[in-house]
Amino acid sequence: MKKLALYLFALLCSFSATAQILPNYGGERAGLSALSFLKNDMSTRSLGLAGTSLALEGDAYSVMNNPAALTELKSTSYALSHLFLGGGVNQSFAAANFPMKDRTSTLSFSINALNSGDMEERTEFQPMGTGRQVSVANIAVGATYARQLSALFSAAVSVKYIYEGVAGFHNSNATVDLAFLYRTDFRDLKFAAMVQNFGGNSSLGSDGDIPTTFNRSTGIGLEANVVPTIFKLGISMVPWKKGDHSLLTALQLNHPNDNAENYSAGIEYHWKEIFYARAGYRISVRHRHIPTFGIGLRSRLGQHPFYIDYAANPTNFIGIQHSIGLRFQILKIADRS
């Protein structure tokens with residue numbers, strides 16, 4: 001097992017930044033998917049690692065990055081995060097995770113919401129504004145079931161209902177996530193795979209409140225677009241641990257249906273499981289040439305662990321995107337230390 005794990009780890013590391021593992025359409029399909037808010041990483045810990053979180057151990061954010069890891073949670077936990085996207089656009093995420101009495105399965109519920117705030121409507125006939133305020137609101141409500149199938153293997157499925165509203169247009173859709181996680185006993189080595197946001201096409205429509213005085217008809221409908229489905233493969237391990245210090249490393253392959261295949265690498269330093277420092281880098285992603293970074297602190301509310309996370313995602317054109325997150329775990333009396 002150790003030799004196999006080392007071989008697979010070395011194999012994944014050996015791929016160059018331009019290597020194409022799976023066939024895809026490439027960058028010429030960029031921007032062709034709908035519901036793009038689903039691609040934003042709402043796990044503050046994951047964002048600090050440049051999204052390299054598929055094969056990490058389970059935490060309260062796992063329903064977003066790999067719900068199969070939820071089986072590692074032994075008590076009820078909650079997560080809240082907020083992402084400042086820039087230009088007044090903000091996105092928030094909340095999750096509640098409930099391990100079942102059988103200790104092999106976990107039920108989780110989540111909500112992911114983006115809001116643009118009010119904007120002044122402008123048209124080709126009134127470019128200075130119509131006097132009407134419009135906004136964009138996207139919401140995804142999800143339910144997840146994760147189960148530990150053996151001592152080393154877990155699987156999970158998530159179902160999400162999605163609503164999208166853009167001024168007078170609106171749309172509803174549904175997607176499914178499928179995730180797997182395999183653990184080994186060698187340096188916390190883990191392998192993971194996930195299909196995220198698998199579903200049908202999405203198309204905005206209206207109730208006829210869009211102006212129809214010029215080259216338009218009531219009940220306007222836009223062409224259908226695919227949802228942003230992503231296939232992911234990941235690996236993580238703890239190559240160094242000494243006393244109160246440890247280092248976690250992770251690699252990940254991302255294969256989206258609306259862009260070129262890309263890769264990410266992340267590293268996380270732990271001190272006494274109290275302080276965390278994170279950094280990550282995306283490979284083969286245009287306009288993301290600066291590493292992401294973040295920190296985390298663990299404290300307590302009474303006898304219950306409480307985590308505060310911060311992450312920064314530098315971009316070339318819209319500055320630094322900031323994310324803050326809170327995690328809270330309710331320990332049972334027998335688990336308190």
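**Exercise 1. Overall composition**

Of the 337 residues in this protein, 43% count as buried. The model is a predicted one.

*Task.* State how many helices and strands the protein has, and describe its contacts and its accessible surface.

*Solution.* 
- Step 1. The secondary structure consists of three helices and 17 strands.
- Step 2. Consider the contacts between residues at least 6 apart in sequence: 54% of them join residues at least 24 apart.
- Step 3. The accessible surface amounts to about 16,700 Å², and carbon and sulfur atoms account for 62% of that area.

**Exercise 2. The largest pocket**

*Task.* Determine the volume of the largest pocket, and identify which residues and elements line the largest pocket.

*Solution.* 
- Step 1. The largest pocket holds about 1,300 Å³ of space.
- Step 2. Its lining comprises 47 residues, and those closest to the centre are Lys39, Asn40, Arg282, Val285 and Arg288.
- Step 3. Two or more lining residues come from each of α3 (62–65), β1 (77–86), β6 (136–148), β11 (230–242), β12 (245–256) and β13 (262–271).
- Step 4. Strand β12 gives the largest share of this lining, namely three residues.
- Step 5. Sorted by class, the lining of the largest pocket contains 18 nonpolar, 21 polar and eight charged residues.

**Exercise 3. The second largest pocket**

*Solution.* 
- Step 1. The volume of the second largest pocket is about 780 Å³.
- Step 2. Of the 32 residues that line the second largest pocket, Glu57, Gly58, Glu273, Tyr276 and Tyr307 lie nearest its centre.
- Step 3. At least two lining residues are supplied by each of β1, β11, β12, β13, β14 (275–283), β16 (304–314) and β17 (320–329).
- Step 4. Strand β11 gives the most to the lining of the second largest pocket, with four residues.
- Step 5. By class, this lining has 13 nonpolar, six polar and 13 charged residues.

**Exercise 4. Enclosed cavities**

*Task.* State how many cavities of 30 Å³ or more are present, and describe the linings of the largest cavity and the second largest cavity.

*Solution.* 
- Step 1. The count comes to three cavities of 30 Å³ or more.
- Step 2. The largest cavity contains about 160 Å³ of space. It is lined by 16 residues, with Val63, Met64, Ser110, Lys160 and Asp177 closest to its centre.
- Step 3. The elements α3, β3 (105–115), β6, β7 and β9 (190–199) each give two or more residues to the lining of the largest cavity. The largest share, four residues, is that of β6.
- Step 4. The lining of the largest cavity divides by class into seven nonpolar, seven polar and two charged residues.
- Step 5. In the second largest cavity there is about 80 Å³ of space. Its lining has 13 residues, of which Ser53, Leu56, Glu57, Ser62 and Asn65 lie nearest the centre.
- Step 6. Helices α2 (44–48) and α3 each supply at least two residues of the lining of the second largest cavity. That lining consists of four nonpolar, six polar and three charged residues.

**Exercise 5. Aromatic pairs**

*Task.* How many aromatic pairs does a search of the whole structure find, and why does the pair of Phe153 and Phe180 tie together parts that are apart in sequence?

*Solution.* 
- Step 1. The search finds four aromatic pairs.
- Step 2. Phe153 and Phe180 form a stacked pair, with 6.1 Å from centre to centre and 15° between the planes.
- Step 3. Phe153 belongs to strand β7 (residues 153–166) and Phe180 to strand β8 (residues 169–183), so the pair ties together parts that are 27 residues apart in sequence.
- Step 4. Phe153 is partly exposed because its relative accessibility is 27%, and Phe180 is partly exposed at a relative accessible area of 38%.
- Step 5. Tyr78, Phe98 and Phe109 form one aromatic cluster.

**Exercise 6. The surroundings of Val238**

*Task.* Is Val238 buried or exposed, and with which residues is Val238 in contact?

*Solution.* 
- Step 1. Val238 is found in strand β11.
- Step 2. The relative accessible area of Val238 is 13%, so this residue is buried; the cut-off for buried is under 20%.
- Step 3. Beyond its neighbours within four places in sequence, Val238 is in contact with Arg187, Asp188, Ser246, Leu247 and Leu248.
- Step 4. Val238 and Asp188 are 50 residues apart along the chain, and their C-alpha atoms are separated by 5.8 Å.

How values were computed: Residues numbered from 1 in each chain as written. Predicted model: local features only at pLDDT ≥ 70, side-chain atom pairs only at ≥ 80, totals over all residues. Heavy atoms only, no water. Buried < 20%, exposed > 50% of the residue type's maximum accessible area, 1.4 Å probe, protein only. Contact = heavy atoms within 4.5 Å. Areas by Shrake-Rupley, 256 points an atom, 1.4 Å probe, with all protein chains shown as cover. 1 Å grid on protein atoms, 1.4 Å probe; cavity = no way out; pocket = protein on both sides within 12 Å on 5 of 7 lines; lining within 4 Å. Points joined across faces, edges and corners; volume = space filled by probe spheres on them. Nonpolar A, V, L, I, M, F, W, Y, C, P; charged D, E, K, R; others polar. Phe/Tyr/Trp six-rings, centres within 6.5 Å; stacked < 30°, edge-to-face > 60°.
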